[in-house]
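Hello,

Here is the model I promised to pass on to you. Please have it open while you read; my notes follow below.

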Amino acid sequence: MRLRFLVGVIAAFAVAWGMNRLAALTILNMIFQDPALYDGAIGLFTQLIPAFAGGLLAGLIGKTYGMQAAALAFAVWLLAGALHPFWRILPVTQASEHNLGLYFLVRNPVVALAFGTLGGWLGAQFATGRFMLADRTPIVIDGLEE
């Protein structure tokens with residue numbers, strides 16, 4: 001179980017950082033017609049989506065301890081980010097420099113910790129079978145039967 005936990009931690013960090021770097025290359029080479037779309041892409045793909053995807057992978061690998069594996073991986077992200085903000089992709093546009101929401105998404109590593117842990121929890125729920133996409137019992141609402 002320790003090996004599964006350790007692999008989940010390493011995989012979560014590696015996937016999140018890899019997706020962050022891939023997003024940097026993609027956003028840098030795209031032509032955006034609207035500055036808001038550019039800023040939104042930077043806001044989502046800097047930490048939020050890579051951390052959630054890394055957390056999902058940690059949850060699937062770590063199974064029972066998936067959330068803890070993701071939390072540890074992104075706690076390392078948080079501590080390393082406090083020393084050097086390695087996740088930053090590109091600067092936002094001048095019009096969005098003072099947007100607090102975007103500032104939080106791009107510059108605060110707590111975003112990665114929160115969404116990575118959420119992804120780890122959800123991945124573990126899928127991996128252990130506690131959460132499935134198929135309904136275990138059909139939902140019946142009175143008056144809406146066919």
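A residue counts as buried here when its relative accessible area is under 20%. By that cut-off, buried residues make up 34% of the 146 residues in the protein. Please keep in mind that this is a predicted model.

First, the overall picture. The protein has 5 helices and 0 strands, so its pattern along the sequence reads α-α-α-α-α. Along the principal axes, the C-alpha atoms fill a box of roughly 55 × 50 × 25 Å. If you take the contacts between residues at least 6 apart in sequence, 78% of them join residues at least 24 apart.

Next, a helix pair. Two packed helices are described by the angle between their axes and the distance between the axes. For helix 3 (residues 66-83) and helix 5 (residues 110-128), the axes come within 7 Å and cross at roughly 165°. Angles over 145 degrees count as roughly antiparallel, which is why helix 3 is described as roughly antiparallel to helix 5. The crossing of these two helices is right-handed.

Which residues meet there? On the helix 3 side they are Gly66, Met67, Ala70, Ala71, Phe74, Ala75, Trp77 and Leu78. On the helix 5 side they are Val110, Ala112, Leu113, Gly116, Thr117, Gly120, Trp121 and Ala124. The residues of this contact divide into 12 nonpolar, 4 polar and no charged.

Two residues deserve a look of their own. Asn20 lies in helix 1 (residues 2-28). With a relative accessible area of 0%, Asn20 falls under the 20% cut-off and therefore counts as buried. Its side chain reaches the backbone oxygen of Thr46 at 2.5 Å. Not counting residues up to four places away in sequence, Asn20 touches Phe45, Thr46, Pro50, Phe86, Trp87 and Ile89.

Phe86, one of those partners of Asn20, is found in the loop between helix 3 and helix 4 (100-107). Is Phe86 buried or exposed? Its relative accessible area is 17%, so Phe86 is buried. Leaving aside neighbours within four places in sequence, Phe86 is in contact with Phe13, Trp17, Asn20, Arg21, Trp77, Ala80 and Gly81. Arg21 and Phe86 are 65 residues apart along the chain, and their C-alpha atoms are separated by 9.9 Å.

Best wishes

Conventions
Residues are numbered from 1 along each chain as its sequence is written. This is a predicted model: local features need pLDDT of at least 70, side-chain atom pairs count only at pLDDT 80 or more; totals for chains, interfaces and linings use all residues. Side-chain values use heavy atoms; hydrogens and water are left out. Helices (H or I, at least four residues) and strands (E, at least two) are DSSP runs, numbered from the N terminus. Buried means under 20% relative accessible area, exposed over 50%, partly exposed in between (1.4 Å probe, protein chains only). A polar contact is a pair of N or O atoms within 3.5 Å; within protein, one must be able to donate a hydrogen and the other to accept it, and residues adjacent in sequence count only if both atoms are side-chain atoms. Contact means heavy atoms within 4.5 Å. Axes are lines fitted to C-alpha atoms, for helices over the stretch in contact, and angles run from 0 to 180 degrees between N-to-C directions. Angles under 35 degrees count as roughly parallel, over 145 as roughly antiparallel, 65 to 115 as roughly perpendicular and the rest as oblique. A crossing is left-handed if the near helix is turned anticlockwise from the far one by less than a right angle, and right-handed if clockwise. Ala, Val, Leu, Ile, Met, Phe, Trp, Tyr, Cys and Pro count as nonpolar, Asp, Glu, Lys and Arg as charged, and the others, Gly among them, as polar.
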